[in-house]
Amino acid sequence: MTAPRVVLDTNVLLSALLFPAHSLAWLRHAWQSGSIRPLASRATTEELIRVLAHPKFALTEDDREHLLGDYLPRCEAIAVLSFSGIPHCPDPFDRPFPALALAAEADALVTGDKGLLARAGSSAVPILTPVEFRERLVEETG
């Protein structure tokens, strides 16, 4: 069975990377084990780097490099040439995630963002909460 190709939004990804005891730590184990194949574009990678550098996380440069080194080499890089065809996103920081999911023909976009989740019905790619995605993974792997 091929690992699902998924887009993880920044907040979901941060929870998995920064909080090993958090309810989303299973996602980090999923990409480390190859159970999922995360997708990344230039815009989503730049957003992750920008957010990891935020002072509220108090991460050193070495900390950030370690976290990025655990995630980015496991990602499939996708060139996103256009944001056309994606559901309307009022928040410009959200736009790269559905654009990546659509360009890559991803199996899912995993997010906790209410704005993106509200557009689930108008997306060609399933937009799922982490709980919904985990349930789908369990169903598919038995």
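Author: Happy to. Helices (H or I, at least four residues) and strands (E, at least two) are DSSP runs, numbered from the N terminus. This is a predicted model, where local features need pLDDT of at least 70, side-chain atom pairs count only at pLDDT 80 or more, and totals for chains, interfaces and linings use all residues. Residues are numbered from 1 along each chain as its sequence is written, and side-chain values use heavy atoms, with hydrogens and water left out.

Reader: Thanks! Where is glutamate 105?

Author: Glutamate 105 is in the loop between helix H5 (96–104) and strand S4 (108–110). Its phi is positive, about 55°, although the residue is not a glycine.

Reader: And is glutamate 105 buried or exposed?

Author: Glutamate 105 counts as exposed because its relative accessibility is 66%. Buried means under 20% relative accessible area, exposed over 50%, and partly exposed in between (1.4 Å probe, protein chains only).

Reader: New topic: how do H3 and H5 pack?

Author: The angle between H3 and H5 is about 145°, and their axes are 9 Å apart. Axes are lines fitted to C-alpha atoms, for helices over the stretch in contact, and angles run from 0 to 180 degrees between N-to-C directions.

Reader: Which residues make that contact?

Author: H3 contributes Ala43, Thr44 and Glu47, while H5 contributes Pro96, Phe97 and Leu100. Contact here means heavy atoms within 4.5 Å. By class, there are 4 nonpolar, 1 polar and 1 charged residues. Ala, Val, Leu, Ile, Met, Phe, Trp, Tyr, Cys and Pro count as nonpolar, Asp, Glu, Lys and Arg as charged, and the others, Gly among them, as polar.

Reader: Nice. What about the sheet, in which order do the strands run?

Author: The order is S3-S2-S1-S4-S5, in an open sheet of 5 strands with parallel pairing. Strand S3 (76–77) and strand S5 (127–128) are the edge strands, each pairing on one side only. Two strands pair if DSSP finds at least two bridges between them.

Reader: How many bridges do S4 and S5 have?

Author: S4 and S5 pair in the parallel sense over 2 bridges. Valine 110 stands opposite leucine 128 in S5.

Reader: What sits in the loop between S4 and helix H6 (114–117)?

Author: Threonine 111 lies there, and it counts as buried because its relative accessibility is 0%. Its side chain is joined to that of aspartate 9 by a polar contact of 2.4 Å. A polar contact is a pair of N or O atoms within 3.5 Å; within protein, one must be able to donate a hydrogen and the other to accept it, and residues adjacent in sequence count only if both atoms are side-chain atoms.

Reader: Which residues does threonine 111 touch?

Author: Not counting residues up to four places away in sequence, they include Asp9, Val12, Ile127 and Leu128.
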